[in-house]
Amino acid sequence: MTDPIRTTLDVLLEILSPLKGRRVLDIGCGRGGLAAPFRAAGADWRGLEPFPQAAGVPGIDMAQAEAMPYPDAAFDIAVIVNALHHIPVEAMGDALAEAARVIAPEAMLVVIEPRVEGDLSQVIATVDDETGIRNAAQAALDGAAAAGVLTETRAFDYVRRETYEDFDAFLGRISSFAPERGALPPDLTAALRAAFRARAGREGAAFTLTQPMSVRLFRRGPAAG
């Protein structure tokens, strides 16, 4: 059975609804793309981001995920969307322990990560192969569950479709969270462009790339019994 094509926001809202009055921590939030829709749904949204792209954005705290500036049980929900694999491998376990610490008992942690396969992953791998760090992120989640830091309650996949006006728009988007991709030498830029043209689909005048996504839901602490 083919996984359905959905947006990440739709997946999150379906999992977490109702959000009204709930305290949500968005770990690795970038510039806060989830803030507006979560607040519109009634959530008390807070973002955490270590990189300077988020400096000065209201509602975002600048800190590392493995050293969060919050008291215990401060949030009803935590989400880590496309961010765990950007944490240094040696710090992933500590970051997950911190996520468990700052959510309330029986609260939910949602971790969404890109799979290694997929057209988008394969195009990016032309210049930045993330196979190792994506596998490490999944292993860190497994390790947190095995250690009793978290208990996994559900897991499923979906497919995300990204749309771009052209190659330059694609390059700009993938460089927004990995700036080194925007400063490639000409030969790598040409290779990336060729891979994009070979794998991208078309939707009218736009280009599209699909990406399988892993969704894993946890609560804090060990499994009962």
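Mentor: Let us begin with Arg 101, which is partly exposed, with a relative accessible area of 22%. Please keep in mind that this is a predicted model.

Trainee: Where does Arg 101 lie, and which residues is Arg 101 in contact with, leaving aside its neighbours within four places in sequence?

Mentor: Arg 101 belongs to helix α3. With those neighbours left aside, its contacts are Met 68, Tyr 70, Pro 71, Asp 72, Ala 73 and Arg 220.

Trainee: What makes the pair of Asp 72 and Arg 101 a salt bridge?

Mentor: The term requires a side-chain nitrogen of Lys or Arg within 4 Å of a carboxyl oxygen of Asp or Glu. For Asp 72 and Arg 101 the N to O distance is 2.8 Å, so the pair meets the rule. A network of salt bridges links Asp 72, Glu 98 and Arg 101.

Trainee: Is Asp 72 buried or exposed, and how do you know?

Mentor: Asp 72 has a relative accessible area of 55%. The cut-off for exposed is over 50%, so Asp 72 is exposed.

Trainee: How do you know that Glu 152 forms a salt bridge with Arg 216?

Mentor: Their closest N and O atoms are 2.9 Å apart, and the limit is 4 Å, so the pair qualifies.

Trainee: Why is Arg 216 called buried, and what term applies to Glu 152?

Mentor: Arg 216 has a relative accessible area of 8%, which is under 20%, so the term is buried. Glu 152, at 31%, is partly exposed.

Trainee: What is the distance between the closest N and O atoms of Arg 6 and Glu 14?

Mentor: Those atoms are 2.8 Å apart, and the two residues form a salt bridge. Arg 6 is partly exposed, with a relative accessible area of 23%. By the salt-bridge rule the count comes to 13.

Trainee: How far is Arg 101 from Ala 145 and from Phe 196, C-alpha to C-alpha?

Mentor: Arg 101 and Ala 145 are 14 Å apart in space and 44 residues apart in sequence. For Arg 101 and Phe 196 the values are 41 Å and 95 residues. Ala 145 is found in helix α5 (residues 131–146), and its relative accessible area of 29% makes the residue partly exposed.

Trainee: Turning to the whole chain, why does its radius of gyration agree with that of a compact globule?

Mentor: A compact globule of 225 residues would have a radius of gyration near 17 Å; the protein chain has 18 Å, and therefore the two agree. The chain has seven helices and eight strands, and buried residues make up 47% of its residues.

How values were computed
Residues numbered from 1 in each chain as written. Predicted model: local features only at pLDDT ≥ 70, side-chain atom pairs only at ≥ 80, totals over all residues. Heavy atoms only, no water. Helix = DSSP H or I, 4+ residues; strand = E, 2+ residues; numbered from the N terminus. Rg over C-alpha atoms; globule rule 2.2 N^0.38 Å. Buried < 20%, exposed > 50% of the residue type's maximum accessible area, 1.4 Å probe, protein only. Contact = heavy atoms within 4.5 Å.
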